[in-house]
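Q: I've just opened this one up and I'd like to learn how to read it. Could we go through a few features together?

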Amino acid sequence: ARCLLAASAAGVPVAHHPLAVPGPDGELLSIDVAELGPSDAEALLVVLSGVHGVEGFAPSALQCDLLDRVGADDLPAGVGVLLVHAVNPWGMAWWRRENESNVDLNRNWRRSDVEPQANDAYDEVHDLACPATPTLPDVDDLLGRVAELAAARGGAWVRDAVTVGQYRHPDGLHYGGAHTEASNRVLEQVAGDRIVGRRGALIVDLHTGHGPRGVLTLLSDEPPGSDQDRFLRAHFPDAIVEATTGNPAATTGAKYGQIANGIRALLPAGSCWSTSAEIGTVNDLEQLAATYRSRWVAFHGDRTVPEHAAAVSAYRCCFTPDDHGWEREAIVRGRSLLDSAIQATQTIAADADRRPTGA
């Protein structure tokens, strides 16, 4: 509602894409799309929020802030901005990372068309990560067994087993689904209608969680020294830029079925760049512990039970901390990111002017 109000105040039309699932109070949920600037802008900055629902609140605030600060007349020549608000509105409303089918949308792009590589390692950790205990599971037991696995297999093995994405356990973590979910079908339609055909684009998918608290990290599934790696480093010098492939120092692995990468692949090579932009919150083990308990509540608990409700609240606080200092830092870092992204998109538009039409 706040984002729709900001768009209305700015005189920016919004296209609504309702989903057939209700919020906690039965409210209508939709993916909302607002476009600033000329409809024929050569280059487009695309800003996504709420792909992982519970992470969507700071990104939503940043989209509202952009609507408050930047009008169509403030944009550089040849540049437009497309805001896609709440890619996973169900997860945002219910404080879950996944959608109503327990699908991680950022492992699900074009799932109906692609058979992803199997994540055999996840099979080994599923029962540990997703117990069917009669009461809330013990976090100390989880962390102890994770430490044992890390000692035996290595921390990177455990990390990738859990986070890369898996397609065999519908009740598991980071489940990529058996078919393309409704939200991603909407995004593919929006991309076809509004992004494909541009001469260039920059896709910024806003997240929270990964990285040092309050610090901005730009993730790229291209190796160090690649064109995309150089582009991000040149235009976002104040952010940590982390290549997740070909990088022994990476703190997270490359994922299957990511949305920003999927949209980028719809445009000609060399004309579109993408990143998952993370504003750090708490450490990985704290996130894992909170995910463990919140996921148990989703499948076995009752959110009206105080202990279970507290587990869900703790999970939300991992990704949107109740901390005004963190909130201020997130706005400052995110505002700088989006302002720099507009300027970076201007260079894409300028490059498009220098390319032959159809190149």
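Q: Which residues of α2 are buried?
A: Buried means under 20% relative accessible area, exposed means over 50%, and partly exposed is in between, using a 1.4 Å probe and protein chains only. In α2 the buried ones are Ala58, Pro59, Ser60, Leu62, Gln63, Cys64, Asp65, Leu66 and Leu67. Keep in mind that this is a predicted model, where local features need pLDDT of at least 70, side-chain atom pairs count only at pLDDT 80 or more, and totals for chains, interfaces and linings use all residues. Residues are numbered from 1 along each chain as its sequence is written, and side-chain values use heavy atoms, leaving out hydrogens and water.

Q: What counts as a helix here, and what span should α2 have?
A: Helices (H or I, at least four residues) and strands (E, at least two) are DSSP runs, numbered from the N terminus. The expected span is 1.5 Å times one less than the number of residues. For the 13 residues of α2 that gives 18 Å, and the end C-alpha atoms are 18 Å apart, so the two agree.

Q: Which residues of α1 are buried, and where do they sit around the helix?
A: In α1, residues 2–10, they are Cys3, Ala6 and Ala7. Their directions, taken from the helix axis to the C-beta atoms, fall within an arc of 100°, so these residues line one face of α1. Arg2, Leu5, Ser8 and Ala9 are exposed on the other side.

Q: What do the buried residues of α1 pack against?
A: Contact means heavy atoms within 4.5 Å. The buried residues of α1 pack against β1 (14–22), α2 (57–69) and β4 (79–85).

Q: How do I describe two packed helices?
A: You give the angle between their axes and the distance between the axes. Axes are lines fitted to C-alpha atoms, for helices over the stretch in contact, with angles from 0 to 180 degrees between N-to-C directions. Here α10 (residues 284–300) and α11 (residues 306–319) pack at about 140°, with axes 8 Å apart.

Q: What name does the arrangement of α10 and α11 get?
A: Under 35 degrees is roughly parallel, over 145 roughly antiparallel, 65 to 115 roughly perpendicular, and the rest oblique. That's why α10 and α11 count as oblique to each other.

Q: Is Ser294 buried or exposed, and what does Ser294 touch?
A: Ser294 is in α10 and counts as buried, at 5% relative accessibility. Not counting residues up to four places away in sequence, Ser294 touches Ala311 and Tyr315.
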